[in-house]
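The sequence and model are shown first.

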Amino acid sequence: MGNKDNSGRDASLPLRVLFLIFSFHVGGIERQLVELANALAARGEEVHLCVINASYEETLLATLSSEVHLLKMERPVSGAGRMAYMWRLARYVRRWHIDVIHAQEPTGVVFSAFAKALCPALRIVETVHDVGEYREYSGMQLRLADLLCRRYVAISAAVEREIRERGIAARRVTLIHNAVNTEKFYLLQRSKPDRVGGREEEFCIGNIARFFPAKKGQDTLVRAVEILRRTYPRIHCFLAGAVYRGQDEAYRELVSYVKSHELEDHITFCGGIDEVVDFLGKIDLFVLPSNYEGFGIALIEAMATGLPCVASRLDGPLEIMGEHPELGRLFEAGDAAELAEQIAYVMEHYQEYQQNEIAAYTAATYGMDSFVEKHMALYRM
């Protein structure tokens with residue numbers, strides 16, 4: 001007889017885990033989900049990914065291991081026919097004898113209600129990916145999710161505090177920092193790794209995030225570059241990331257601002273990108289100018305390649321960088337003048353940032369092996 005986990009299941013058997021998400025577009029959460037799914041499959045676990053809505057990018061799905069079972073439910077984005085799709089999920093869970101559903105938001109937990117009713121032994125886990133996330137949901141949704149959800153994953157200490165402030169018992173909350181795949185994100189040999197950011201030298205800044213200025217702060221970075229170009233005429237900022245839903249007008253406004261303020265020689269909108277590592281290899285400094293951020297996957301990915309960083313002094317970025325000035329600088333979120341000041345500081349002290357040490361620290365602190373082991377232990381609770 002094998003050892004039993006807390007659910008009474010033989011712990012020597014592969015786990016059957018289903019990741020549940022409503023849409024699947026290129027972003028930090030989705031990339032992290034791919035890495036976890038692939039790593040579990042490589043260990044011999046039985047892994048499933050269910051994308052509920054007809055809203056996904058095939059190029060991203062193509063990065064899943066062939067060992068991961070993919071269920072595309074193709075539900076209309078409007079949410080029509082909710083009950084029918086919930087029953088479809090429940091039948092899938094029963095047919096494949098799923099042990100754990102790992103949802104990415106409270107509505108995913110609620111969407112699993114019929115599956116839980118059909119399969120009472122099913123364990124439901126939710127990862128909370130950001131601070132303020134619960135403001136988007138009704139009290140009824142949260143109460144129902146709390147009844148169904150067995151364990152919560154908090155991606156940072158700030159997120160953990162917020163979950164517990166809702167009255168969730170500490171034993172049900174596990175802190176698991178996001179991780180970086182160091183086989184993909186590793187120290188890059190940049191063409192000018194030792195240069196100092198001088199007034200007449202080209203200096204390239206980069207940001208990768210969904211275009212959503214109210215959250216991700218791209219407008220603050222543009223204004224900071226506008227300040228910096230007076231002193232550093234060859235500074236250039238590359239903004240990578242697809243336009244988030246509902247942000248088309250904000251995008252047009254910022255593009256218009258760049259044109260009207262004659263910043264086109266200093267700002268490039270790259271749109272969505274697939275080759276993140278290639279992008280990071282072509283810049284000298286990564287900037288995360290978010291207005292709120294529970295962690296910052298893009299930040300540790302940049303650090304893993306050796307880049308010094310400048311990030312908002314809040315929640316996740318503060319947890320990552322606050323006690324490590326050798327990684328870069330922090331600034332007050334939304335303050336373009338201070339952001340410009342901190343970017344200038346890194347430029348003028350560029351040789352002091354040891355890219356090999358930044359990459360080594362990131363790999364040791366945010367490696368994928370520990371991330372996977374912590375999830376496995378959580379699933380077996």
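What volume does the second largest cavity have? It comes to about 60 Å³. The model behind this value is predicted.

## Second largest cavity

The lining of the second largest cavity consists of N207, A209, F211, Q218, L239, A240, G241, Y251, F269 and G271. Two strands, β9 (235-240) and β10 (267-271), each contribute at least two residues to this lining. Sorted by class, the lining of the second largest cavity has 6 nonpolar and 4 polar residues, and no charged ones.

## Largest cavity

In total, the structure contains 2 cavities of 30 Å³ or more.

Two or more lining residues of the largest cavity come from each of α1 (28-42) and α16 (368-379). Helix α1 gives the most, with 4 residues. The lining of the largest cavity divides into 7 nonpolar and 7 polar residues, with no charged residue.

## Salt bridges

Side chains of opposite charge can pair when their charged atoms come close. The count for this model is 13 salt bridges. One of them joins K72 to E58, with 2.9 Å between the closest N and O atoms. This pair links distant parts of the chain, 14 residues apart: K72 sits in strand β3 (residues 69-75) and E58 in helix α2 (residues 58-61).

E293 and K216 form another salt bridge, at 3.0 Å from N to O. E293 lies in the loop between β11 (285-288) and α12 (297-304), while K216 belongs to helix α8 (residues 213-216), 77 residues apart. Is E293 buried or exposed? With a relative accessibility of 7%, E293 is buried. K216 is also buried, with a relative accessible area of 15%.

## A salt-bridge network

R313 and E338 meet in a salt bridge of 3.2 Å, N to O. R313 is in the loop between β12 (309-312) and α13 (315-321), and E338 is in helix α14 (residues 336-348), 25 residues apart. R313 is partly exposed at 34% relative accessible area, whereas E338 is buried at 16%. Salt bridges link R313, E332 and E338 in a network.

Note on methods: Residues are numbered from 1 along each chain as its sequence is written. This is a predicted model: local features need pLDDT of at least 70, side-chain atom pairs count only at pLDDT 80 or more; totals for chains, interfaces and linings use all residues. Side-chain values use heavy atoms; hydrogens and water are left out. A salt bridge is a side-chain nitrogen of Lys or Arg within 4 Å of a carboxyl oxygen of Asp or Glu. Buried means under 20% relative accessible area, exposed over 50%, partly exposed in between (1.4 Å probe, protein chains only). On a 1 Å grid over the protein atoms alone, a cavity is a set of points where a 1.4 Å probe fits but cannot get out, and a pocket is an open set with protein on both sides within 12 Å along at least five of seven lines; lining residues have an atom within 4 Å of a point. Grid points are joined across faces, edges and corners, and a volume is the space filled by probe spheres set on the points. Ala, Val, Leu, Ile, Met, Phe, Trp, Tyr, Cys and Pro count as nonpolar, Asp, Glu, Lys and Arg as charged, and the others, Gly among them, as polar.
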